[in-house]
Amino acid sequence: MRNLFGISNYFCIAVYIMKTLILIRHAKSDWNIAGQNDFDRPLNSRGKNDAPAMGKRLMYHKLVPQLILSSPAIRAGTTAQLIAKSINYPVANIQFDKGLYLCDAGYYDTAIFGVNNKIDTLAIVSHNNGLTDYVNSLNNFRTENVPTCGMVVFDIQTNRWEDFPSAAKQLRFFEFPKMFK
C-alpha cells in the first residue's frame, strides 16, 4: 500500500523533538578567606578565566541555552553570569534556584520538571557531589568527577521536560577547562 507520496505505509520514520541539557559545575572558587561562609565563596582568578572560556566552548558547539538555572551560591551564580556574558545570554534572565545549592542528585529532576516545554536547551549550574552523581545516573556514561567548570551535555529524545526521566539520553560531549590548556 502506498500513500500520496508513493512511499510505502509500512515504513515509518520516528521523529523526536530533542531537548538539550547542559550540566555545568561552578568554576574554581577561592578558599583563601579565613572563616568564609561556604555559600559566599567567590571565584578565584582561574575560575574567573575558565567560565568565559567554557562559554566560548558552548558557542563553538553552537549551543546557546534558552534558560540558565543556577544555584544562588556566589561561585555558581558568578559562573552562570560569566558564561552568560560570553554567549550573549541576558544575565538578568538567569533564574536562581536555592534547591540547587549543594543538592543531591535527586533534586535535579525536580528543577527540570519545572521548566517550560518551550525551552529546548537548558543549562544548569551547580555543585558537586550531586552534579557528578546526577550525570552518572543519566545513561551509561560514567565519570569519577565533573571538574570545576566542567560541562556535560546530553541530547534528550523528548519534547516535554516532565518526560525527562524515561526519555532516551545521549551524551553529546563532556569538556572541562584543563582539556584546552
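Reader: Which residue just after helix 2 takes a positive phi?

Author: The model is a predicted one. In it, helix 2 covers residues 74-86. Just after this helix, a positive phi of about 60° is taken by Asn88.

Reader: What span does helix 2 reach from its first C-alpha to its last?

Author: Helix 2 has 13 residues. At 1.5 Å a residue, a span of 18 Å is expected. The model comes close to that, with a reach of 18 Å.

Reader: Which elements are included in what covers the buried residues of helix 2?

Author: The buried residues of helix 2 are Arg75, Ala76, Gly77, Thr79, Ala80, Ile83 and Ala84. Their cover includes strand 1, helix 1 (45-60), strand 2 (67-70), strand 3 (95-96) and strand 4 (121-126).

Reader: Arg25 has no salt bridge; which side chain of opposite charge is nearest, and how far away is that side chain?

Author: Arg25 sits in strand 1 (residues 18-25) and is buried. A salt bridge needs a nitrogen and a carboxyl oxygen within 4 Å. For Arg25 the nearest side chain of opposite charge is Asp38, at 9.8 Å.

Reader: With which side chain does the side chain of Arg25 make a polar contact?

Author: Leaving aside neighbours within four places in sequence, the contacts of Arg25 include Thr79, Ser126, Asn128, Leu131 and Asn145. Thr79 is also among the buried residues of helix 2. The polar contact of the Arg25 side chain, at 3.5 Å, is with the side chain of Asn145.

Reader: Which residues do salt bridges with shared partners join to Asp38 in one network?

Author: The count of salt bridges comes to nine. One of them joins the side chains of Asp38 and Arg41, 2.6 Å from N to O. Asp38 is partly exposed at 25% relative accessible area, whereas Arg41 is buried at 6%. Through shared partners, salt bridges join Asp38 into one network with Arg41 and Arg75.

Reader: About how many helical turns separate Asp50 and Arg46?

Author: These two form a salt bridge, with their closest N and O atoms 3.5 Å apart. Asp50 is buried at 4% relative accessible area, while Arg46 is partly exposed at 30%. Because they are four residues apart in helix 1, the separation of Asp50 and Arg46 is about one helical turn.

Reader: How many residues apart in sequence are the parts that the pair of Phe39 and Tyr101 ties together?

Author: The structure holds five aromatic pairs. Phe39 and Tyr101 form one that is edge-to-face, 5.0 Å centre to centre with 75° between the planes. Phe39 lies in the loop between strand 1 and helix 1 and Tyr101 in the loop between strand 3 and helix 3 (105-113), so the parts tied together are apart in sequence by 62 residues.

Reader: Is Phe141 buried or exposed?

Author: Phe141 is placed in the loop between helix 4 (130-138) and strand 5 (151-157). Leaving aside neighbours within four places in sequence, Phe141 is in contact with Val135, Asn136, Val152, Leu171 and Phe174. Its relative accessible area is 18%. The cut-off is under 20%, so Phe141 counts as buried.

Reader: Which residues do ring pairs link with Phe141 into a cluster?

Author: Phe174 is buried at 18% relative accessible area, while Phe176 is partly exposed at 23%. Ring pairs link Phe141 into a cluster with Phe174 and Phe176.

Notes:
Residues are numbered from 1 along each chain as its sequence is written. This is a predicted model: local features need pLDDT of at least 70, side-chain atom pairs count only at pLDDT 80 or more; totals for chains, interfaces and linings use all residues. Side-chain values use heavy atoms; hydrogens and water are left out. Helices (H or I, at least four residues) and strands (E, at least two) are DSSP runs, numbered from the N terminus. Buried means under 20% relative accessible area, exposed over 50%, partly exposed in between (1.4 Å probe, protein chains only). Lys and Arg count as positive and Asp and Glu as negative; His and the chain ends are not counted. A polar contact is a pair of N or O atoms within 3.5 Å; within protein, one must be able to donate a hydrogen and the other to accept it, and residues adjacent in sequence count only if both atoms are side-chain atoms. Contact means heavy atoms within 4.5 Å. The expected span of a helix is 1.5 Å times one less than its number of residues. Rings of Phe, Tyr and Trp (its six-membered ring) pair if their centres lie within 6.5 Å; planes under 30 degrees apart count as stacked, over 60 as edge-to-face and the rest as tilted.
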